[in-house]
Amino acid sequence: MFKNYLITAWRNIIKDKAYTAINILGLATGMAVALIIGLWVNYQFSYDRFLPGYLQVYQAEYRSNQNGEIQTQQPVSLLLAGVLKSDIPEIKYVTQTDWMGEHGLVVGDKKLYIAGAHAGEDFLKIFKYPLLQGNAGTVLREPNSIVLTKSTAFALFGKADPLNKIVRVDNLYNLKVSGILDDIPGNSTLKFNYIIPFSFYVQTEEWVKYASTDWTNNSFQTFVQLQPGVTYAQVEPKLKAIMPKYKPDWVKAIKAEVFMHPMKDWHLYSEFKNGVENGGFIDYVKMFGIIGILVLLIACINFTNLSTTRSERRAREVGVRKAVGSLRKDLIYQFLIESVVVTFAAFLFSLLFVQLALPAFNLLTKDTISIPWGNSIFWAIMIGYTLLTGLLAGSRPAFYLSSFQPVKVLKGALQAGKGSTLPRKILVVLQFSCSVALIISTIIVYQQIQYAKDRPIGYNANKLMMTDGSSDVDRNYAALKHDMLQTGLVTSVTKASTTVTYLNSWRGIDDWQGKYPNEVLNVATIAINDDYFKTVGMQLKMGSDFAGIVGADSLNVLLNEAAVKRFRFKSPLNQVITWNNGQQRMRVIGVVKDALMMSPFLPAQPTFFIYKPEWTYNVLYRLSPTANTHNAIAKLSVLFNKYNPSYPYIYHFADESYATKFDLEVLIGKLAGIFSALAIFISCLGLFGLAAYVAQQRTKEIGIRKVLGASVPQLWMLLSKDFIILVLLSCVIASPVAWYFLNGWLLKYDYRISIGPSVFIWAAVMALVITIITISFQAIKAAVANPTKSLRSE
């Protein structure tokens with residue numbers, strides 16, 4: 001019997017090739033979108049879960065009450081690690097880390113400038129990344145050692161065995177290779193190319209040595225692994241007891257406490273509000289999960305509508321089958337099997353579409369997603385997914401067609417009334433409501449990105465270049481600066497403790513005029529050298545710049561406008577600020593206009609600038625407006641190789657670095673645009689099929705109207721108006737729903753657009769234009785047809 005169902009289904013499928021092609025293409029596209037989003041969602045949930053024991057791994061962080069708002073921070077004191085180990089026996093391993101940024105690694109004539117980490121001895125016991133050579137318990141024990149990833153080792157040593165070989169780091173230290181790690185997967189939150197023992201960091205850096213005895217220096221990360229079977233609830237009371245025991249003054253002033261953030265939540269739940277997890281990247285995962293479901297739903301609606309429109313063609317078949325004894329359940333089985341066969345065909349095409357689209361999708365998202373061809377669980381899910389889609393798409397046609405009464409059908413008395421057309425219209429409205437909502441979403445995301453991009457950034461990013469420093473650059477800076485200016489290609493050069501597009505240091509302020517009792521204030525701190533404001537193009541609002549005299553200027557400070565506002569200074573010049581644990585008093589000599597050095601969607605951070613050439617690291621320099629960029633880079637490369645021979649010349653343009661701050665929003669906008677276009681395409685396929693059906697159903701009516709003098713525009717309007725009304729109704733439904741969700745999304749940005757009516761008008765216009773173009777082909781084709789052909793049998 002089942003074989004007979006399959007044969008009959010196949011005959012019906014190939015009987016109407018145009019209908020089948022539209023159905024399979026629409027379903028395949030919808031299934032491909034849902035599948036590729038499903039693979040992407042699964043990839044996001046896979047972050048860090050490849051590591052054995054990840055459920056027992058946590059990061060220790062601080063939670064405190066900052067002026068009435070509970071805030072969290074990842075950087076903690078180095079002293080915390082020892083306290084966790086000694087006071088909480090339920091903790092198995094503890095490690096301190098500091099992510100180093102990019103540093104120079106040299107072996108012979110091989111030079112790399114890549115990012116790594118300093119980590120404690122237990123790091124690879126907690127994070128069990130595959131170790132190809134060496135022992136996880138000992139590779140980080142010796143201070144003068146280094147662990148390389150496989151690709152880093154190959155870049156430095158080629159095919160030679162790198163174990164126990166020497167790597168020159170920052171042209172200062174010789175470290176012995178103690179282990180080789182497999183390359184860190186793309187779905188790892190922690191990313192690095194090498195690890196240097198933390199004990200080496202303490203030995204070689206005075207500030208780190210000092211920080212190891214200072215509770216107030218919160219510049220490091222601490223990770224722990226709990227004993228097997230121990231839960232967070234068991235250690236939480238002991239975590240809360242740490243601050244009252246070791247820093248009771250912090251508890252009194254800001255209610256400080258230690259808590260731990262589980263590794264399983266690092267990637268998706270990284271944002272906190274009032275001290276508790278409040279989403280993060282999971283918001284975007286949910287958003288695209290919903291989009292995938294909507295696109296698949298649109299494709300299923302296509303199948304349902306196109307199947308029910310064929311009711312008159314299949315009516316006699318149903319009548320004959322029932323007349324010769326078929327039961328309704330037999331007909332339901334027949335139509336559902338037909339639906340599932342079409343869906344399986346669509347699934348095969350969707351796999352092809354996904355395989356072809358994945359390279360471009362991975363390039364866009366910077367992920368490494370692939371179809372897991374050899375995974376049996378994946379195939380079990382896909383079979384269930386295909387069956388569910390087929391049953392969902394084919395259920396209404398199956399029950400609708402099988403309900404026909406054979407007497408009425410065989411007499412030709414079956415008429416498609418409101419009972420059959422109303423559900424179809426409801427589905428069309430639902431389908432286009434989803435599509436219009438996606439169009440509105442794409443427009444809003446694009447407008448928000450452009451709004452932030454058009455925001456004044458407070459400095460001149462054009463032709464401003466940045467290069468990381470080194471010990472060689474520090475030693476040769478004066479000569480390097482002189483030679484750069486002598487080329488005529490560079491108009492100004494300076495150094496700073498950070499780039500112009502990033503802030504990396506915050507300092508607690510101890511006292512200032514007008515401070516409230518127990519008030520806490522942290523401000524971003526930038527150490528600068530001569531010509532900083534001239535080079536980056538920041539504008540002085542009042543007061544004066546540093547004079548460039550180390551002794552005198554070391555007691556002066558410049559504030560930005562946000563800092564003046566935060567300090568509540570009405571007359572900021574000559575105000576005195578105390579910091580560095582009360583050891584240093586700084587006098588305000590000037591105020592500069594705000595500059596966006598962090599997120600372009602947030603207000604400018606309160607920042608103060610100090611004249612500390614010895615703290616500066618990054619070299620910033622501005623090319624001449626007339627300089628050819630390509631030639632300038634070539635000549636500057638020679639100078640940097642001369643004065644910084646142990647490092648490759650690596651540079652960044654400030655405008656390009658600033659543009660990367662929009663990467664996530666741009667990605668969301670592009671993906672939303674692509675999926676919206678596909679949703680519209682699928683909807684239009686269904687609309688095209690429905691228009692063809694309506695034109696065919698009303699062929700004789702159109703012929704009579706033409707004979708009576710109806711014009712082509714009148715006939716076009718006759719066939720189109722119902723669809724136009726349905727699309728307009730969809731716009732009315734989609735607009736408030738889209739506004740509700742998008743307004744919630746915009747609230748996460750401090751600097752954001754307001755949603756005006758023009759967005760909904762443009763979305764409606766686009767939907768109408770697309771609808772008219774789609775249905776006009778069939779409508780005009782029917783309107784210009786020769787009426788004698790349609791009326792010949794009358």
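**Entry 1: Ser 497.** I looked up Ser 497 and found that it counts as buried because its relative accessibility is 16%, where buried means under 20% relative accessible area with a 1.4 Å probe and protein chains only. The model is predicted, so I note that local features need pLDDT of at least 70 and side-chain atom pairs count only at pLDDT 80 or more, while totals for chains, interfaces and linings use all residues. Residues are numbered from 1 along each chain as its sequence is written, and side-chain values use heavy atoms, with hydrogens and water left out.

I placed Ser 497 in the loop between S15 and strand S16 (506-512); strands (E, at least two residues) and helices (H or I, at least four) are DSSP runs numbered from the N terminus. Not counting residues up to four places away in sequence, I listed what Ser 497 touches, including Asn 504, Thr 525, Trp 615 and Asn 618. Contact here means heavy atoms within 4.5 Å.

**Entry 2: Lys 247.** I then turned to Lys 247, in the loop between helix H9 (242-246) and helix H10 (248-254). Lys 247 is buried, at a relative accessible area of 13%. Beyond its neighbours within four places in sequence, I found Lys 247 in contact with Trp 215 and Ile 242.

**Entry 3: helix H21.** I checked H21 (residues 629-643), which has 15 residues and reaches 21 Å from first C-alpha to last, close to the 21 Å expected at 1.5 Å a residue. The expected span is 1.5 Å times one less than the number of residues. Among the buried residues of H21 are Ala 632, Leu 636, Phe 640 and Tyr 643. I see the buried residues of H21 packing against several elements, including helix H17 (471-486) and strand S15 (490-496).

**Entry 4: cores.** I looked for nonpolar cores, sets of buried Ala, Val, Leu, Ile, Met, Phe, Trp, Tyr and Cys residues joined through side-chain atoms within 4.5 Å. The largest has 127 residues, and Ile 444 is one of those that touch the most other members. Leaving aside neighbours within four places in sequence, Ile 444 is in contact with Leu 742, Trp 745, Leu 746, Ile 753, Ile 755 and Val 759. A second, separate core of 26 residues includes Tyr 58 and Val 83.

Technical notes:
Buried means under 20% relative accessible area, exposed over 50%, partly exposed in between (1.4 Å probe, protein chains only).
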